[in-house]
Amino acid sequence: MTKTIGIDIGSLNTKAVILGDDGILGIAAGPTGDNVEADARKVLDSALSQTHLNLDNLPVVATGTGAKLVSFSPAQKSVNTCLARGIHYLYPSVRMVIDMGAESTTVVKVNPRGKLEDWANHDKCASGTGLFLQQMAKLMKMSLEEMSELSLTAKSRADITNTCAVFAESEVISHVHRVPPTPMPDIAAGIYYSVVSRVIALCKRIGIEREIAVTGGVSLIDGIIHSLESELGFEVLRPEFPQSVAALGAAIIAKENAEKSQK
Amino acid sequence: MIFAGIDIGSRAAKAVIMNDSQIIGSTIQDTGPESIKTAYATIKAAMKEPGLTLDDIDYIVATGYGRVLVPFAADNVSEISCHARGINWYYPSVRTILDMGGQDCKAINCNEEGHVTNFVMNDKCAGGTGRFLEMIADVLEIPLEEIGELALKSSSEIPFNTICAVFAKSEAIVHLRHGVPKSDILAGLNEAISVRCHNLLKKVSIEKDFTITGGIAKNTGMVDKITKKIGLEPLLAEDPQLIGALGAAIYAREKYHGKETGSDMRIQYGYNDATGDYFITIDTGKCNGCGECVCVCPSDIYEINPDENGKNVSLVKGSARKKLSILCPGAGNCNGKGKGNCQTICPENAISLSW
């Protein structure tokens with residue numbers, strides 16, 4: 001009976017998963033603040049509190065941008081490997097994962113054994129990321145959820161030619177002030193399309209596969225998924241906890257390592 | 001004879017008035033939301049000092065983003081050509097120009113006559129533009145005019161991992177919260193931007209006689225970083241922000257005297273981002289405007305339009321320039337519509353792709 005912990009310390013949020021033989025025992029998430037170690041401990045404690053376990057005797061694997069910054073996890077794995085393993089556990093048929101996070105977008109190809117095959121990512125700028133969408137929602141004075149609902153009622157799509165978040169902002173403002181003004185749902189749909197076209201370009205770089213699963217915080221936005229599916233021409237799978245797939249993958253790797261060393 | 005050049009930029013509008021030999025009036029104003037109003041206000045401000053009216057000016061050339069919306073201009077010329085012509089008036093020896101504007105950054109090569117021979121532009125990303133510096137000045141709560149001087153006071157600069165304006169802004173906020181001096185933050189950002197400018201300049205050729213134009217050339221901290229990065233002291237004009245308008249005024253004089261202003265250049269459209277280099281280079285000297293590239297392109301990114309000299313040449317559409325990596329699969333992977341791609345179909349070998 002092996003129980004393991006996976007923790008994914010992202011740029012905005014930290015996610016933890018506790019895995020037992022029969023599945024996920026505990027799952028938690030919280031913001032990553034200035035004190036990475038303390039915030040990670042907080043998330044971990046909240047996941048552990050669901051299980052009656054404590055940290056001392058459990059193997060841990062950490063992943064994400066902050067993985068090196070925590071003292072309690074000697075083992076680290078790349079997010080891409082963890083994503084591949086996590087998604088394979090949930091959906092063995094999936095061959096491609098699109099992970100849309102706050103500050104980066106990553107596309108990962110998974111082989112039938114859950115191993116990472118190829119990947120491409122974009123993390124140098126805010127275009128097409130969660131931060132971009134957050135900024136746009138703020139500009140349009142609505143929440144991410146409101147913007148998503150609005151986009152689903154769009155009759156057509158505003159053309160957003162700029163990929164840069166700063167320039168796109170001015171473009172959105174000019175749509176609002178146009179005579180007659182572009183309808184808000186069309187602007188929202190245009191913003192989502194600009195993100196999706198970027199994501200698809202990234203997928204094409206390594207070759208689009210079926211099936212596709214989406215993960216990361218941005219995948220919680222229905223408007224994005226709708227736009228993505230209509231561009232791809234087929235449906236994508238979204239796990240119950242799309243933000244915690246990498247953490248799950250880390251826990252699976254911790255488990256594999258523990259079982260290997262037992263033999 | 002009186003000539004005027006007006007440069008309606010994305011953030012600032014500039015005008016220069018000349019007689020046959022010298023500048024007699026100039027102005028710099030903010031670009032308002034209505035281009036036509038901005039154009040009138042700008043030319044009026046420039047005419048105030050020499051005491052002129054529009055009727056006194058023999059020929060006016062407009063340039064910049066808003067150049068087609070200047071009702072009183074007799075002609076318009078691209079800002080790239082104007083910067084080359086303008087700096088040539090001050091420093092005929094200059095061969096490399098870095099133009100740092102409100103919403104874009106350009107690297108230009110020109111010859112001894114002030115004709116553009118090669119240029120590359122980055123207008124896809126706000127990193128390193130005036131807009132970027134405005135955002136940072138705003139976060140740091142320092143007037144834009146003072147950030148250059150302040151950056152020079154830095155004792156230990158903060159390295160920035162990013163050039164993205166949005167990321168840099170949030171990084172700067174975190175540093176501020178940790179009590180990092182504002183001068184160190186600015187110096188770090190200037191360093192990141194100078195690396196980017198250097199990379200852009202490397203796409204054209206960097207010659208010894210080099211200049212910086214545009215509003216950012218007035219930012220002493222930035223100029224200092226770029227000077228160190230490139231290892232060349234720039235020959236700065238009296239007011240680098242006016243160079244585009246000055247070039248337009250010189251074009252006005254040449255056009256009035258009926259002088260043909262022709263030159264062939266290589267134009268590089270595109271950008272580089274985290275995933276690679278995406279540049280389409282069109283040699284307008286070789287291009288005969290046949291339109292084969294327009295026909296074969298599956299993504300419809302080319303168009304044939306007259307250049308400055310009225311010659312029909314192939315151009316990359318404005319709407320496609322910022323999305324090349326999304327629209328175009330690259331020459332190696334593209335077979336056009338079955339007959340070959342733009343690079344292979346071109347009878348004059350005028351087109352090349354970097355990926």
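pLDDT is the predictor's confidence in each residue, on a scale from 0 to 100. With that in hand, here are the close-up views.

Figure 1. Let us start with confidence. Chain B has a mean pLDDT of 89, and 98% of its residues reach 70 or more. For the complex, the predictor gives an ipTM of 0.79 together with a pTM of 0.81. Where pLDDT is low, the predicted coordinates should not be read in detail.

**Figure 2. The interface of chain A and chain B.** Here 24 residues of chain A are in contact with 25 residues of chain B. The size of an interface is often given as the accessible area lost when the parts come together. Between these two chains, about 2,000 Å² is buried, and carbon and sulfur atoms give 59% of that area. As for polar contacts, 5 residue pairs are found across the interface, both residues of each pair being at pLDDT 80 or more.

**Figure 3. The side of chain A that touches chain B.** Four elements of chain A each supply at least two residues here: β8 (116-122), α3 (130-139), α5 (165-177) and α6 (184-206). Look to α6(A) for the largest share, 5 residues. By type, the residues on this side of chain A divide into 10 nonpolar, 8 polar and 6 charged.

**Figure 4. The salt bridge between B:Arg177 and A:Asp34.** Side chains of opposite charge can pair when their charged atoms come close. The search of the whole structure turns up 25 salt bridges over all chains. The pair shown in this view crosses between chains: B:Arg177 sits in helix α5 (residues 165-177) of chain B, and A:Asp34 is in the loop between β3 (23-31) and α1 (36-48) of chain A. The side chains of B:Arg177 and A:Asp34 meet at 3.2 Å, N to O. Between chain A and chain B the count is 1 salt bridge.

**Figure 5. The aromatic pair of B:Tyr40 and B:Phe72.** Over all chains, the structure holds 4 aromatic pairs. In the one shown here, the rings of B:Tyr40 and B:Phe72 are tilted, with 5.1 Å centre to centre and 55° between the planes. B:Tyr40 belongs to helix α1 (residues 35-48) of chain B, while B:Phe72 lies in the loop between β4 (59-63) and β5 (75-76) of chain B, so this pair ties together parts that are 32 residues apart in sequence.

Note on methods:
Residues are numbered from 1 along each chain as its sequence is written. Chains are lettered from A and ligands numbered from 1 in the order in which they are written. Side-chain values use heavy atoms; hydrogens and water are left out. Contact means heavy atoms within 4.5 Å. Buried area is the accessible area (1.4 Å probe) that two parts lose on being put together, summed over both. A salt bridge is a side-chain nitrogen of Lys or Arg within 4 Å of a carboxyl oxygen of Asp or Glu. A polar contact is a pair of N or O atoms within 3.5 Å; within protein, one must be able to donate a hydrogen and the other to accept it, and residues adjacent in sequence count only if both atoms are side-chain atoms. Ala, Val, Leu, Ile, Met, Phe, Trp, Tyr, Cys and Pro count as nonpolar, Asp, Glu, Lys and Arg as charged, and the others, Gly among them, as polar. Rings of Phe, Tyr and Trp (its six-membered ring) pair if their centres lie within 6.5 Å; planes under 30 degrees apart count as stacked, over 60 as edge-to-face and the rest as tilted.
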